[in-house]
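Q: Could you show me how to read a ligand's surroundings and a backbone angle from a structure such as this one?

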Amino acid sequence: MNPFHYGSIVTDKDFCGRTEAVKQIQQHMDGGQNVAVYGERRVGKTSLIFEAIRRKRSHRALRLDLMNIKSIDTLCRKFISALGEMEQHAGFLEKFIRSIPALRPTVTIDPLTGMPTFGVDAAVALSASNLQQIIGLVKSAYQRKRLVVVIDEFQSVLDLENSQEVLAELRAQIQHAPEVPFFFAGSIRHQMESIFTSHDSPFFKSAIPMSIDPLTYDEFAPFLTERFEAGQRKVSAEYLEKIFSLSGGITGDVQQFCEAIWYVSEPGEEISQQHIASAIDILISREKLSFQSALAKVTASQMRVLNALAVLGGKAPTSREFLAFAGSRNASSIKKALESMDKQKLVYHTEAGWKIMNPVFRLYLHLTMEPRATGLGKD
Ligand SMILES: Nc1ncnc2c1ncn2[C@@H]1O[C@H](COP(=O)(O)OP(=O)(O)OP(=O)(O)O)[C@@H](O)[C@H]1O
Ligand SMILES: [Mg+2]
């Protein structure tokens, strides 16, 4: 079986390193502290939080993922169904129904698992004012057995029409539950910062910030090497470094690359340039259709900026070299193209500059570009 995992959270034996961060999170859990976990995409924020909770065994996790939520109604429903999922307990069921009669709570039995699923009548529109009842339920679940509320992709709240009202009400209710630790994770740094560090945000200074970086090469490399070796594959430091570089050093992307390398190699082999090339082919073939449809939507000038980003990186997109590569005369048009592609989720901005969202897309761009020297694999 392929020992490399990507795309979902990793725990236990699949979780590498981060001893200090795990300890910090556990201390915050004990102290009932709220924590805001920031970090780039796919660095391992969610895995870190859940591994810290799992190892400690003292708290349950009430997990909500706010990715793509469109309304406060959905947010409330997510809370309620997460509560139901966590609290498969007859006493809670009764309390649940009694505490929110106006919302016409529903309990259905999942035909597959036989487990009750909690919800609220679809005809009822939930609003920020229902957060009081919901956090009340969270508190009573906490009293029965300790828990941590984990709200993932928290910055998505900003996409709600009445986001400030929702944030203000959520913050007020959370303050009424000081014993319950709330962990907020998010991958769009400037949005998370605007929630937790802007003076006029209801969440200003309401959580301890924790910034998560990708696993370093030194921490990750022995773990990966061991996995290759357990499957009788040898990988030299030179090739592991190459894998890191092609994946931009992002933890999840490194695992994705290793998964492909494993897929194209056989026991007894030593990983070589040939394996790297085949892995790139495999990775691209898996996503080619979505790349093609993404490219069909970009303009010619955005395309040139994308290619410049793929080749030169995005540390200095207004440098003379970048402008020349992108065939652009001014920095503002580059900025406009980047912002527009940010909205399309093709690129994103980090402290280290602009990046292409998906490292495989970057490799695809290299391969489809005009055959001028792209430097692929040299960095
Ligand atoms: N500690 C770790 N050890 C090994 N691999 C890890 C670790 N943390 C993360 N990964 C890798 O990164 C991938 C993404 O992890 P996770 O979903 O926790 O990241 P995330 O930062 O929450 O991502 P997203 O931005 O998509 O929410 C995992 O599937 C796994 O391949
Ligand atoms: Mg996550």
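A: Please keep in mind throughout that the model is predicted.

Q: Which residues are the closest to ligand 1?

A: Of the 23 residues that surround ligand 1, the closest are Gly44, Thr46, Ser47, Gly252 and Gln255.

Q: Which helices and domains supply the shell around ligand 1?

A: At least two residues of the shell come from each of helix 2 (45-56) and helix 10 (251-263), while domain 1 (18-211) and domain 2 (216-287) each contribute at least three.

Q: Where does Arg57 lie, and what is its phi?

A: Arg57 is placed in the loop between helix 2 and strand 2 (60-65), and its phi is positive, at about 65°, although Arg57 is not a glycine.

Q: Is Arg57 buried or exposed, and why?

A: A residue counts as exposed if 12 or fewer other C-beta atoms lie within 10 Å of its own; Arg57 is exposed because it has 7 such atoms within 10 Å.

Q: What is the phi of Asp12, and where does Asp12 lie?

A: Asp12, a residue other than glycine, has a positive phi near 55°, and Asp12 belongs to the segment before helix 1 (19-30). Asp12 is exposed because 8 other C-beta atoms lie within 10 Å.

Terms used. Residues are numbered from 1 along each chain as its sequence is written. Chains are lettered from A and ligands numbered from 1 in the order in which they are written. This is a predicted model: local features need pLDDT of at least 70, side-chain atom pairs count only at pLDDT 80 or more; totals for chains, interfaces and linings use all residues. A residue is near a molecule or strand if its C-beta atom, placed from the backbone, lies within 6 Å of it. Helices (H or I, at least four residues) and strands (E, at least two) are DSSP runs, numbered from the N terminus. Domain bounds come from an automatic or database domain assignment. A residue is buried if 20 or more other C-beta atoms lie within 10 Å of its own, exposed if 12 or fewer, and partly exposed in between; C-beta atoms are placed from the backbone.
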